[in-house]
Every structure is written in C-alpha cells, then in structure tokens.
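Colleague: Before I rely on any of the labels attached to this model, I would like to hear how each of them was reached. Could we go through them one at a time?

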Amino acid sequence: MINSLGFDKKKGDTKVIVAMSGGVDSSVAAVKLKKEGYDVTGVTLRLYSQSNVQKSKTCCAGQDIEDANMVAKQFGFKHYVSDYQDKF
C-alpha cells in the first residue's frame with residue numbers, strides 16, 4: 001500500500017522531519033502530517049540569539065522557536081532545536 005507521501009508503508013511507520021521556522025506554514029504542515037497519522041518530528045535551527053533580534057517575529061529565534069515548540073507539544077510530536085548561530 002502506497003501512503004500519501006508515495007512510500008510503500010503505513011503512515012505510522014513513516015518518519016517525517018519537518019523544518020519548523022515557527023511560522024504558520026511549517027506549523028500547519030507538521031500538524032496536518034501528524035493528524036494524517038505520520039510519525040512527525042519538528043526541527044528548528046536557532047540562527048540568532050534573542051538579544052540580536054530587532055523584531056519580535058524573526059525567523060528562527062526567540063518567540064518563533066517557542067511558537068514551534070508550543071505547536072509540537074499541543075499536537076503531540078517531538079521538537080528539537082539545533083543552535084547554528086556561530087555557523088550562520
């Protein structure tokens with residue numbers, strides 16, 4: 001049986017990693033996949049420290065990371081943050 005992502009296995013046996021910026025698009029994608037039954041994990045790259053962010057909503061820092069984490073907790077999937085400030 002081919003699942004909706006095109007893999008020949010059950011949705012629950014299909015691991016999906018979603019890059020979550022903390023914005024609406026990536027959060028909705030992660031939640032939709034989770035609701036469809038996929039094994040979802042969210043990943044966010046921390047690109048700035050909160051003290052370096054001029055706006056309250058700038059991709060991949062501060063509140064955005066908290067938003068992504070909150071969505072993952074609310075819908076029951078893992079969420080990891082990797083610090084890439086030095087590399088970025």
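Modeller: What follows takes the labels in turn and sets each against the value behind it.

Modeller: Please keep in mind throughout that this is a predicted model.

Colleague: What makes up the chain, and in which order do the elements run from the N terminus on?

Modeller: The chain has 2 helices and 3 strands, and from the N terminus on these elements run β-α-β-α-β.

Colleague: How do you know that the span of α2 agrees with what its number of residues would lead one to expect?

Modeller: The expected span is 1.5 Å times one less than the number of residues, so the 14 residues of α2 should span 20 Å, and the 21 Å between its end C-alpha atoms agrees with that. Just after α2, G76 takes a positive phi of about 75°.

Colleague: Which residues of α2 are buried, and what do they pack against?

Modeller: In α2 the buried residues are G62, D64, I65, D67, A68, V71 and A72, and the buried residues of this helix pack against α1, β2 and β3. As background, an α-helix has 3.6 residues a turn, so residues three or four places apart point the same way.

Colleague: Why is M20 called buried?

Modeller: Buried means under 20% relative accessible area, and M20, at 1% relative accessibility, therefore counts as buried. M20 is found in the loop between β1 and α1, and, leaving aside neighbours within four places in sequence, its contacts are S26, S27, A30, G42, V43, T44, A68, V71, F77 and H79. M20 and L45 are 25 residues apart in sequence, with 8.2 Å between their C-alpha atoms.

Colleague: What makes A30 buried, and which residues does A30 touch?

Modeller: A30, found in helix α1, has a relative accessible area of 0%, and is therefore buried. Not counting residues up to four places away in sequence, A30 touches V18, M20, V40 and F77. A30 and V71 are 41 residues apart in sequence and 8.8 Å apart in space, C-alpha to C-alpha.

Colleague: Why is N3 called buried as well?

Modeller: The relative accessible area of N3 is 7%, so N3 is buried by the cut-off of under 20%. N3 lies in the segment before β1 and touches K9, K10, K11, T14 and Y38, residues up to four places away in sequence not being counted.

Colleague: What makes up the largest nonpolar core?

Modeller: Membership requires buried residues of nonpolar kinds joined through side-chain atoms within 4.5 Å, and the largest such set has 12 residues: V16, V18, M20, A30, V31, L33, Y38, V40, A68, V71, A72 and F77. β1, α1 and α2 each supply at least two residues of this core. In soluble globular proteins, nonpolar side chains tend to be buried together.

Colleague: How many of the contacts join residues at least 24 apart, and what share of the chain is buried?

Modeller: Among contacts between residues at least 6 apart in sequence, 57% join residues at least 24 apart, and buried residues make up 34% of the 88 residues in the chain. The chain exposes about 5800 Å², of which carbon and sulfur atoms supply 54%.

Technical notes
Residues numbered from 1 in each chain as written. Predicted model: local features only at pLDDT ≥ 70, side-chain atom pairs only at ≥ 80, totals over all residues. Heavy atoms only, no water. Buried < 20%, exposed > 50% of the residue type's maximum accessible area, 1.4 Å probe, protein only. Helix = DSSP H or I, 4+ residues; strand = E, 2+ residues; numbered from the N terminus. Contact = heavy atoms within 4.5 Å. Areas by Shrake-Rupley, 256 points an atom, 1.4 Å probe, with all protein chains shown as cover.
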